[in-house]
Amino acid sequence: MNVELQNISKHFGPLKANDRISFQFGEGRIYAILGENGAGKSTLMKILSGYQTATHGQILINEQAVTLSTPSVAIQHGIGMLYQDPLDFAPLTALENYISGRSGGLLLQRREMVADFHKHCRELGFDLNPHALVEAMTVGERQQLEIVRLLSLGVRFLILDEPTTGISAEQKTQLFDTLKRLAHEDSMTVVLVSHKLADVEELCDEVLALRRGQLVGHEVLPCPTERMVEMMFGKRLDPPQRELVETGRPTLQVEHLPIHARLFSIPEFNLEVNEGEVIGLAGLDGSGQVEFMHTVAGLERPTWSDHVFAVLALIVLWIVFALLLDESPTVMWLGSFSALALIGVSLQAPIVGWVRRQLGQEPIARVQLDQATIANAGYRDLLARGVVFLPSGRLEEGLVKGLTVMDHVALTTRNGKPWINWLGVWRQAKQMIETFNVKGRPLDPIQNLSGGNQQRVSVGLLPERLRLVLLENPTRGLDVESAQRIWSILLKRREQGTSIIFSSPDLDEIIDYSDRILVFSSGRVTLVEDAQDITTAHLGELIGGKV
Amino acid sequence: MDPVLISTFADIVRNAAPLLIASQGELITERAGVVNLSLDGTILLSAMAAFAVTLTTGSLVLGISVAVVVGMVVALIVISSSVFLKLDQIAVGFILTLLCADLSTFLGRDYANRAGKEIPYAPIPILKDIKFLGIGEIFFQHNVLIYFSLFLIVFMGFWLYHTRFGLQLRGLGERPQAAYVRGVRVQFWRFVYVAIGGGLVGLAGATYSLSVRLGWKENLTLGNGWIALAIVIFGAWRPYRIAFGAYLIVGLRALALYLQKEQLLDLPVQIINMTPWVLMLLTLIFVSSGLAERTLVLVPEKWRPAAQRFLRANPPAALGTNFEKS
């Protein structure tokens, strides 16, 4: 199937997200679309997949002009898209996701569909359980499910948006093998949207580059990496540099810390981090990296305090029973006893744990910052001692949507007075914008800044005295250039003895910037002593639990 | 079985009917991703409308139809203001609840405390004579609306989990973007489901004034709309659990009345009226504090996934949000 774009333009007000893009996609080829954030890759793919309609221009399929008004029309024409965060229904099973959006009779015909599902899975070499809930599946499995679903609907032109973010190395290999087979044996067309050059080189036959909405380059692979970088950015980038920093005395010491994550729990966790050291946390999502950082940052108390609310509510209830029903002793006793029983049940595990620790059957968790214990300190307390956590959801958790850059500066500076010195704050914001090269003004609402600039603000707001900074996927959604800027700012902080702990799904990032790597895999933690000596492939195997 | 017990159960089935219909209606609405908080006011207004129309025209069918239309109109105001004016569904619903309640008092002042028609008693032949456990008397000696409430439980359970439309509805409130990508006309179906849900809420109002509480007076339904809303949460957005919740609450009231009459329990009736709220609170604490997860350990390994599915109570993820493409 040949798909041709003719002068595709998409305008959002004055912004030209796509500007007169023309290209012809051929059969049996794998294309890569490269570009910085905001270059217009996603918009173009959304137009191709029917999610958005172009302002001007037309799309031809096998020389016939078509109107792709909705995604389902696009699928009928054989064009399907796998979104970066697969668009599926989390509380439904894989089978229900597979069935939904499919035409047919009134009833679901589960049995026939299971057979159909297995048939298509086998063809692609995927091993998926139709009765598993999607929320319990990994991102890689959810991608496989979407691919199976799209191909079973007759899709011959498959678009994948950043598919290698958040999946394991093993899943990536499997995905790439499948895509190569689909393109080269079944002569389908595959389009990969990515900013990871290594992935592009490994998988694709041809590469297109977009810059500021325009198609600026087209090369047949293999071509030199420098050429691709040049197409993306229009200039050459210096490779990331790491100056060696002398690591000093230990800042963080963790002993026997239990971690409870979504997928796996780690019974005991030990780590010692030195001044100026960078520790990378690798592993699949939900293996405990984020929970570990939360615990260290005091955002997740290690044991029973999360049930305090429940216990408090029950105690209130108990008092209500006791006060209100003094006319009726029967009900009072019944209510009191049931409330007490519930309190007992909710506190049973922590009490048992406490007794076991006292008897020496279970080691006592110890978290120390600069030789002082911080096991039960809250985030506020830790912040004062120089511990900061930056979440990956910048706008959701890290920054406050709706507030300006200046407001954020005012929020983070404490002058010990109940009022704000706006003039001082304005100067400070101005200075931060200059130091960190933020593209924005003090009075811009934070959500109007691009992702890279938002992250620069987050990093710029880090306090002066910083002992330990914990970062969850610090360069999520950032292009190479922005990511390197963030890292150069972060690495500079090491000179004052700050330790850095970060997690990332991008193995290259982990190897490039870490001194040591902790690999979280199925409830086990492996320490890689020298990050410079390990390859991506080996690290991927460690994550997959092979070694 | 004891005849007193049987007639008590029959009463429970009858008195729970409007609560059931209203909460199943709200279930449809919320599964589509829309919160219709106007339930309490809508029920009052439609109860008044049903009674007034029946009294003036003498036609029960017309009265019921008007009640359904009233419910639909109010629900459509909620979704229209959300879709077209980008207003907050909760705020609009809350205002509408107050407005409808006052409107029912005002418009219904000429009809208050008057004798009117009742939906005819229509026992189902053959089935009504089942003596086993009193089934005949409990379930099959009522009127059409009560039968409808029973039918609705089974229908909703089947429809939501075993048909394509049900699957589509579950997706709609969970992740409308994903539904859109699968070719579902999100806004259109939201309007349809919200109208159906609102219609059922209107029908619940008619059930009050034409059958269960017979007649019209100010605040006839005594805040039962709020209880229906609470039952949807208690029922974790699932038809059978919602039915269980509705029967539980009506059953508790019947029990309290019985105990009071027999002087077995020395407590004021207000306490019983508080039970639904206490139950909701306990359920929420139980489910969201992790207590439920901890209790799961007691369940044998084999049954754990099923138990987990039963215990979990996550609202539809897109509940109360407006659908936008990107």
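1. Let's start with strands S16 and S17 of chain A, which run antiparallel and are joined by two bridges. Strands and helices here are DSSP runs, numbered from the N terminus; a helix (H or I) needs at least four residues and a strand (E) at least two. Two strands count as paired if DSSP finds at least two bridges between them. Within this pair, Leu369(A) has Ala372(A) in S17(A) as its bridge partner. Please keep in mind that this is a predicted model: local features need pLDDT of at least 70, side-chain atom pairs count only at pLDDT 80 or more, and totals for chains, interfaces and linings use all residues. Residues are numbered from 1 along each chain as its sequence is written, chains are lettered from A and ligands numbered from 1 in the order in which they are written, and side-chain values use heavy atoms, with hydrogens and water left out.

2. Now look at the sheet around that pair. Four strands of chain A form an open sheet in the order S14-S11-S16-S17, with antiparallel pairing. S14 and strand S17 (372-373) are the edge strands, each pairing on one side only. In the loop between S16 and S17 of chain A you will find Gln371(A). Its phi is near 65°, a positive value in a residue other than glycine. Most residues other than glycine have a negative phi, and most peptide bonds are trans. At 48% relative accessibility, Gln371(A) counts as partly exposed; buried means under 20% relative accessible area, exposed over 50%, and partly exposed in between (1.4 Å probe, protein chains only).

3. Two other backbone spots are worth a visit. Gln109(A), also not a glycine, has a positive phi of about 50°. This residue sits in the loop between H3 and helix H4 (110-124) of chain A. The other spot is a cis peptide bond between Leu221(A) and Pro222(A), with omega about 0°. Pro222(A) belongs to the loop between strand S10 (214-220) and helix H8 (225-233) of chain A.

4. Four bridges join S19(A) to strand S18 (residues 387-390), and the two run parallel. S19(A) also pairs in the parallel sense with strand S20 (residues 499-503), over five bridges. Leu470(A) in S19(A) stands opposite Phe389(A), and Leu470(A) also stands opposite Ile501(A) in S20(A). How many of the five residues of S19(A) are buried? Five of five are. In a regular strand the side chains alternate between the two faces of the sheet. Here Leu468(A), Leu470(A) and Glu472(A) lie on one side and Val469(A) and Leu471(A) on the other, and both faces are covered.

5. Next, the charges. There are 20 salt bridges over all chains, a salt bridge being a side-chain nitrogen of Lys or Arg within 4 Å of a carboxyl oxygen of Asp or Glu. In one of them, Arg467(A) meets Glu275(A) at 2.9 Å, N to O. These partners are 192 residues apart in the chain, and both Arg467(A) and Glu275(A) are buried. Another links Glu255(A) with Arg366(A), with the closest N and O atoms 3.7 Å apart. This pair joins strand S11 (residues 250-255) to strand S16 (residues 366-369) of chain A. Finally, Asp85(A), Asp88(A), Arg142(A) and Arg175(B) are linked in a network of salt bridges.

6. What about the nonpolar residues? The largest nonpolar core has 158 residues, and Phe25(A) and Ile79(A) have the most contacts inside it. Such a core is a set of buried Ala, Val, Leu, Ile, Met, Phe, Trp, Tyr and Cys residues joined through side-chain atoms within 4.5 Å. Helix H9 (residues 186-212) of chain B gives the most to this core, with eleven residues. A second, separate core of 44 residues includes Ala410(A) and Leu491(A).

7. Phe337(A) is exposed, with a relative accessible area of 53%, and lies in helix H11 of chain A. Helix H10 (308-324) and helix H11 (329-358) of chain A each supply at least two residues of a nonpolar patch, and H10(A) gives the most, with four residues.
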